[in-house]
Amino acid sequence: MKWLLIALIVIPGTIADVLNAIGMKRNGEVYDFRPRAIFRLIASLARNPYVGVGVPAMAVSFFALMALLSITNLSFAVPATAFSYVLETALAKYILKEHIGWRRWAGASIVSCGVLLVSLGV
Amino acid sequence: MKWKSDLRKGLLVAHVRGDSDELQLTHEFPAKMLGSRRSTATLAAGILKNQSQPLRLKTRTVTALLVASNVLGNFTLSRGLHEVGRLVSFSPWPYIHAFVNPLVVLGVLLLIVWLISQLSLLSRVDLSYVLPVTSVSYVLTALMGEFLLHERVSTERWIGIGLIGLGVSLVARTVPRTALRYHKCSHVPYEAAQ
């Protein structure tokens, strides 16, 4: 059960981030945060297929995390998600064609080590 | 505007080729790129610089909003769910039942703010920039545990907090946007931009 939930956190979470990144870049840049503009944004996102899959995937990942947190403690749940920083950086390079220099690689690796330590040291 | 996207694209290509975050170019280079004189290129670069200043500020603001709503949302939601009790089920009823709790509702509202700010950030900044930078939320969660909930923060946790801070400061110094844009731009003659 635990491992099923971890898979349900990591895999949909990663897919969601990549799809949302693609979808939002196609949708155009968001600058306006007045309520009306946000409603218009939501309306246009509802027709965006990438975000349309990405957000439900995010929800699956989120509810799986909630479920996992209700049966285990934080120190078991969060280390599993630390790995996704490096994984998603690699996906950003190959799928999203982002230019990732040494600073980003080093940053992502150091952050995932830090997340590991923070969650293990509870 | 066409000249802006041309200039950005050119600088991006120079950035990718140079494999460094500092571009050592004279103004002759953007001038060639735009097909204009050096003085025009200087003006164009100045305009671009002035425009990117508030943009960077806005990116920071949205990042702060994202981190705050994430930390507070997770905190209130997990408090609320502790009151509701064990929650592993494939039927939707226990989840719907949980929505009677006010803390759960507040948490969900905060997480909606989080979702919108995350999407708006992703609309203009790299994923490989957003992810590490927003991991500040782990630091804030740990600090909130120490100072608000009076949980003890262990040595490993302090080291982890330091590492996250270091990683974030490394990534935050990179250029936030490196992937090429999809532009819907009108074609304006270069000289008109002056």
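Mentor: Helices here are DSSP runs of H or I with at least four residues, numbered from the N terminus. Keep in mind that this is a predicted model.

Trainee: OK. What pattern does chain B follow along the sequence?

Mentor: Chain B reads α-α-α-α-α-α-α-α. That is eight helices and zero strands.

Trainee: How much of chain B counts as buried?

Mentor: Of its 194 residues, 31%.

Trainee: And the contacts in chain B, what share join residues at least 24 apart?

Mentor: 69%, counting contacts between residues at least 6 apart in sequence.

Trainee: Now helices H6 and H8 of chain B. At what angle do their axes cross?

Mentor: Roughly 150°, with the axes coming within 8 Å. H6(B) covers residues 127-134 and H8(B) covers residues 155-172.

Trainee: Why is H6(B) called roughly antiparallel to H8(B)?

Mentor: Because angles over 145 degrees count as roughly antiparallel, the crossing puts H6(B) in that class relative to H8(B). The crossing is left-handed.

Trainee: Which residues meet there?

Mentor: From H6(B), B:Tyr129, B:Pro132 and B:Val133; from H8(B), B:Gly167, B:Val168, B:Val171 and B:Ala172. By class, that contact has six nonpolar residues, one polar and no charged.

Trainee: Switching to the interface. How many residues of chain B are in contact with chain A?

Mentor: 41, against 42 residues of chain A. On the chain B side, the elements giving two or more residues are H3 (38-84), H5 (102-122), H6, H7 (136-147) and H8.

Trainee: Which one gives the largest share?

Mentor: H8(B), with 12 residues.

Trainee: And how does that side of chain B divide by residue class?

Mentor: Into 22 nonpolar, 10 polar and nine charged residues.

Methods. Residues are numbered from 1 along each chain as its sequence is written. Chains are lettered from A and ligands numbered from 1 in the order in which they are written. This is a predicted model: local features need pLDDT of at least 70, side-chain atom pairs count only at pLDDT 80 or more; totals for chains, interfaces and linings use all residues. Axes are lines fitted to C-alpha atoms, for helices over the stretch in contact, and angles run from 0 to 180 degrees between N-to-C directions. Angles under 35 degrees count as roughly parallel, over 145 as roughly antiparallel, 65 to 115 as roughly perpendicular and the rest as oblique. A crossing is left-handed if the near helix is turned anticlockwise from the far one by less than a right angle, and right-handed if clockwise. Two residues are in contact if their C-beta atoms, placed from the backbone, lie within 7 Å. Ala, Val, Leu, Ile, Met, Phe, Trp, Tyr, Cys and Pro count as nonpolar, Asp, Glu, Lys and Arg as charged, and the others, Gly among them, as polar. A residue is buried if 20 or more other C-beta atoms lie within 10 Å of its own, exposed if 12 or fewer, and partly exposed in between; C-beta atoms are placed from the backbone.
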